[in-house]
Amino acid sequence: MVLPASVPDWMRPAGLPSHRMPSAQALHRLIAGNERHQREHTGEAAARGDEAPAAFPFALVVGCLEPGAASEELFAERPGAIECVRTAGPSLGADTMSAIEYAALVQNVGVVLVLGHQGCGVVTAAKDARAAGRPPLPGVLGEWVGLAAAGSTALPTTDIKAADAVTGHVRALRARLRCADSLLTLTRSGQLKIAGGVLDDDTRGITFLPDEPDEVVELGPGVTPRVDPTRYGS
């Protein structure tokens, strides 16, 4: 059953705008922010001076827990403009999905970015463990192998680059999120963008994966989304 993309008003933070930042604008802001971060990283651009916290987030990034794999600084944003959920791979466990649903349904973020990174030890270990058919790992780690190696079985088994395994992993997780019942109304209407990207650990640049056609449900005649973009991440 597809759940409605709405929550009771009492759950929303005080002062939260009633309409989210347009998803295309939110994704463009992530892309432009990472380009600025790369210039800062190489010394071509001066570091930002305004570090005042943002009123509300406009994006959620689901990234890997390894050092440097995901953070607000990758997008040259002030604190609070982007929320980061970091887990193995990453993977879509119950806690991660709860965070995504809260950000999308309660905080009205416009984009969720699934972010992998080149040379990811988590994805490599999970892929190798599943390919070798090794005994199940203890506890939650037993389920983690399947989640953290999502998409890797469809890739060539010889001469495979780590980045290819990571790209397959990101694409698989992005597809799962786009089909999640709790997000389906938002994703199909275009109000929420589920994006994917792979971080280059050396350059700190993100390669955003090409978009794939989404089914878009018309909101109805005369319905125009309203938004005050200055209230998000500013």
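In which loop does asparagine 108 lie? Asparagine 108 sits in the loop between α2 and β3 (111-117).

## Basis

This is a predicted model, with pLDDT of at least 70 required for local features and 80 or more for side-chain atom pairs, while totals for chains, interfaces and linings use all residues. Residues are numbered from 1 along each chain as its sequence is written, and side-chain values use heavy atoms, without hydrogens and water.

## Backbone in the loops

Asparagine 108 is not a glycine, yet its phi is positive, about 65 degrees. Helices (DSSP H or I, at least four residues) and strands (E, at least two) are numbered from the N terminus.

Glycine 89 and proline 90 are joined by a cis peptide bond, with omega about 0 degrees. Proline 90 is placed in the loop between β2 and α2 (94-106).

## Arginine 29

Glutamate 77 and arginine 29 form a side-chain salt bridge at 2.8 Å, N to O. The criterion is a Lys or Arg side-chain nitrogen within 4 Å of an Asp or Glu carboxyl oxygen. The pair links distant parts of the chain, 48 residues apart. Glutamate 77 is in the loop between β1 (59-64) and β2 (82-87); arginine 29 is in helix α1 (residues 23-42). The structure holds five salt bridges.

Arginine 29 also lies over the face of phenylalanine 58, at 4.4 Å from the ring centre. Here CZ of Arg or NZ of Lys must be within 6 Å of the ring centre and within 35 degrees of the ring normal.

## Helices α3 and α4

Val122, Val123, Ala126, Ala129 and Arg130 in α3 meet Trp144, Val145, Gly146 and Ala148 in α4. Contact means heavy atoms within 4.5 Å.
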